[in-house]
Amino acid sequence: MNNYGDELLLKSALKFFKDSGVDEILLLYPKSGSRKIGGIKIVHVNRNSIAAIISAVKKADLVIGAGGNVFQDETSKRSFIYYYFLVRFSLIMKKQVVLLGHGIGKINYKCDYKRMRKILSDKNAFGVFRDQISYRYSIKFSSNHLRGSDLAYGFLKNRERLKPVEGRLGVIIKSEWPELEDLIEPFKSEGITEVFLIVTMPEQELKYTEPMQKILGAHFDVSIKIGEVNDLTDAISSCSLILTERLHGAIVASFFGIPFLTRDNFKTKAFFYDFKEYDSFFKDKGPSEIGKALGNMRRYDFEKANRVFVDKNVLMYEYTITWFKNIIDILKIQKGG
């Protein structure tokens, strides 16, 4: 879908499924076809065809949601209804549904709360949630649910960080930056000499990053970075500071031990809830908010606190693999395989 966060989760999920003994995946996809990745047969299912989705669910031994923050209606109620339909229909068909590495919320509508409760309370629904807030909410309705982590750690845990470049700022944005000129001097005082404008969703972000390149280019060495998952992950890992409006930009920075400033929103705060020391959130990209976020970063030993947070999440990811392998083994025994 040309979205760095989604593609990162897909790569991680395919590795996860291979490690767990999955033989075939019916994958929701924009176009028809099939392929093999890592020895797993992948059959594309038209994500916009109700008939194709119903047929795929009926064929499946297990229905899996592979991470993300799809159960929220803050940015798109339509998206919430789409995924609710997928899960609810699967449960009606008596299929076991596993939500791997999901976050829940923010949910604003009472009717969507009721829908979420229907999913979470079903005896055939199992969630392994990536943050403490989603986990605490889910266990109000069923003991089937567990605490896990974001699936991105499956991809990241086998990657080496590129040698960091001192003074290189990585920026991932999804909205206009109106007061950018006012941050040139503060960036210089932080020792910034180079800026990577990392584009994770070209269709949305290029219209903002191209004007930024013109403004910042008069003061810093500025590059726009566009590419696939490996390229963008390497670009992030080479920076000495990350400023991001996207959650997976923050997760990748954290994994590589790079100090990061990130947007103050529900899903980001939920994910970093366990990182008790962290308080480098910004409500907008104005000078006062960015300055405050930078100041908060200096109040504690980021490297030490972040390492504890990352190690905990990698451990929870490994636990999720073990738990999921057991489910696959049980399914295979039931099928006589």
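F260, F271, F272, F275, Y278, F281, Y300, F302 and F309 form one aromatic cluster. Rings of Phe, Tyr and Trp (its six-membered ring) pair if their centres lie within 6.5 Å; planes under 30 degrees apart count as stacked, over 60 as edge-to-face and the rest as tilted. The model is predicted, so local features need pLDDT of at least 70 and side-chain atom pairs pLDDT 80 or more, while totals for chains, interfaces and linings use all residues. Residues are numbered from 1 along each chain as its sequence is written, and side-chain values use heavy atoms, without hydrogens and water.

By the pairing rule, 25 aromatic pairs are counted. F260 and F272 form a tilted pair, at 5.2 Å centre to centre and 40° between the planes. F260 lies in strand β12 (residues 260-263) and F272 in the loop between α11 (266-271) and β13 (281-282), so the pair ties together parts 12 residues apart in sequence. Helices (H or I, at least four residues) and strands (E, at least two) are DSSP runs, numbered from the N terminus. F260 and F272 are buried, meaning under 20% relative accessible area with a 1.4 Å probe, protein chains only (exposed is over 50%, partly exposed in between). The ring centres of F275 and Y278 are 5.5 Å apart with planes at 45°, so this pair is tilted. F275 and Y278 are both buried.

Charges also sit over rings; here NZ of Lys or CZ of Arg must be within 6 Å of the ring centre and within 35 degrees of the ring normal. K269 lies over the face of F281, 5.2 Å from the ring centre. K276 lies over the face of Y273, at 3.9 Å from the ring centre.
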